Amino acid sequence: MLRIHFTDADISRITIADDVDASWETLFSLHLLQEPDEILSFDHWRRRIRAELPAWIPLLLELAPPRGYSVDFLTPGRGEADSDTVIDRIMSTPRRRLREDVACLADRRPPTPWTRKLADGDVTALRQLGTALDRYYQRAVAPYRGRLRAHVEADRSRRGKALLTGGVDRLLATLHPRVDWRPPVLHVLDYVDQDLHLDGRGLVLLPSHFCRHHPVTLKDADLPPVLAYPVSSSFAWLTPDRPAAQDPVTTLLGRTRAATLRASTTAVTTTDLARRIGLSPPSASKHARVLREAGLITTRRDGGAVIHQVSGLGVAVLNGELPA
């Protein structure tokens, strides 16, 4: 279990990152790439990236196993820098930190010739790392950045409401189902035994799309404190960002019905659907009916509410994978 110890000063220095962090999303996506196909909303992304894996990807996987420790120096970001800046920071990691982090990794898996060179600060090994990180990020994360940012912004809005209505206690208590806030200690369940004393430094809460299972922090307690935590995902994020004019779903269905289909990727009532797409409930219901008749969404009653959700065919349309 991870235990994060707060002082009074830390309570007033909690911040929420306001953008997608390239380094953390890259790390967590590498984890997902190696895990069994258990999370449906990532299956299409995983198949696509696995099909494109070039020869240098194993270098990154050596530093980021799917379970247990991944080297701290891969995640210097706190949601405040672009990918180029983050990669520059990684490339500038002091030799002492490279050596210590690779040594921690070696406690769990045998070192390889390349990780030994990296631990020694070998210039060629560092250049290989920088190139691999940049190429992987551009293929696996950057094409979806706009959609990931939308998820982060939605999560920040939810956290802000929690803070306004219930203060820090509600903010921390509702952070994640595997988190238990017992002031002044935040407990993260299903985690290795670790204590993090903030000692007045505050804490950056970092919403992450690719983070799954439970929140994650750095192993080295001397580094600036950050806690990355999962945000909810939907099928709609799978399509790379495109201008609306080039979006085949919009071309096929029209802008409003495409928006209705995407808004239905999580179970949603007619009222919530209307709010998401900016229409009146009767208009939203009309568009939902057309999509339902086309087999793209399903509709069911839950008490007095009508619930809409994307169908298997709708997922295929969103992903550009129409069945034969």
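**Rings and helices, step by step**

Tutor: Gladly! Keep in mind that this is a predicted model. Let's begin with Phe28, which counts as buried at 4% relative accessibility.

Student: How many residues apart are Trp24 and Phe28 in helix H2?

Tutor: Helix H2 covers residues 22-34, and both Trp24 and Phe28 belong to it. About one helical turn separates Trp24 from Phe28, because their spacing is four residues.

Student: How many aromatic pairs does the structure hold?

Tutor: Two rings pair if their centres lie within 6.5 Å. By that rule, the number of aromatic pairs in the structure is three.

Student: What kind of pair do Phe6 and Trp181 make?

Tutor: Look at the ring centres first: they are 5.4 Å apart. Planes over 60 degrees apart count as edge-to-face. The planes of Phe6 and Trp181 are at 80°, so this pair is edge-to-face.

Student: How many residues apart in sequence are the parts that this pair ties together?

Tutor: Phe6 sits in the loop between strand E1 (2-5) and helix H1 (8-11), whereas Trp181 is in strand E3 (residues 179-182). Phe6 counts as buried at 6% relative accessibility, and Trp181 counts as buried at 11%. The pair therefore ties together parts whose separation in sequence is 175 residues.

Student: And what kind of pair do Trp24 and Phe28 make?

Tutor: Their ring centres are 5.6 Å apart, with the planes at 35°. Planes under 30 degrees apart would count as stacked and those over 60 as edge-to-face, with the rest as tilted. The Trp24 and Phe28 pair is therefore tilted.

Student: Now for two helices: how is H11 oriented to H12?

Tutor: The axes of helix H11 (residues 255-263) and helix H12 (residues 270-277) come within 10 Å and cross at roughly 125°. That angle makes H11, relative to H12, oblique.

Student: Which residues of H12 make the contact?

Tutor: The crossing of H11 and H12 is right-handed. On the H11 side, the contact is made by Ala259, Thr260 and Ala263. The contact residues of both helices divide into four nonpolar, one polar and one charged. From H12, the contact residues are Leu273, Arg276 and Ile277.

Note on methods. Residues numbered from 1 in each chain as written. Predicted model: local features only at pLDDT ≥ 70, side-chain atom pairs only at ≥ 80, totals over all residues. Heavy atoms only, no water. Axes fitted to C-alpha atoms, helices over the stretch in contact; angles between N-to-C directions. Parallel < 35°, antiparallel > 145°, perpendicular 65-115°, else oblique. Left-handed = near helix turned anticlockwise from the far one by under 90°. Contact = heavy atoms within 4.5 Å. Nonpolar A, V, L, I, M, F, W, Y, C, P; charged D, E, K, R; others polar. Phe/Tyr/Trp six-rings, centres within 6.5 Å; stacked < 30°, edge-to-face > 60°. Buried < 20%, exposed > 50% of the residue type's maximum accessible area, 1.4 Å probe, protein only.
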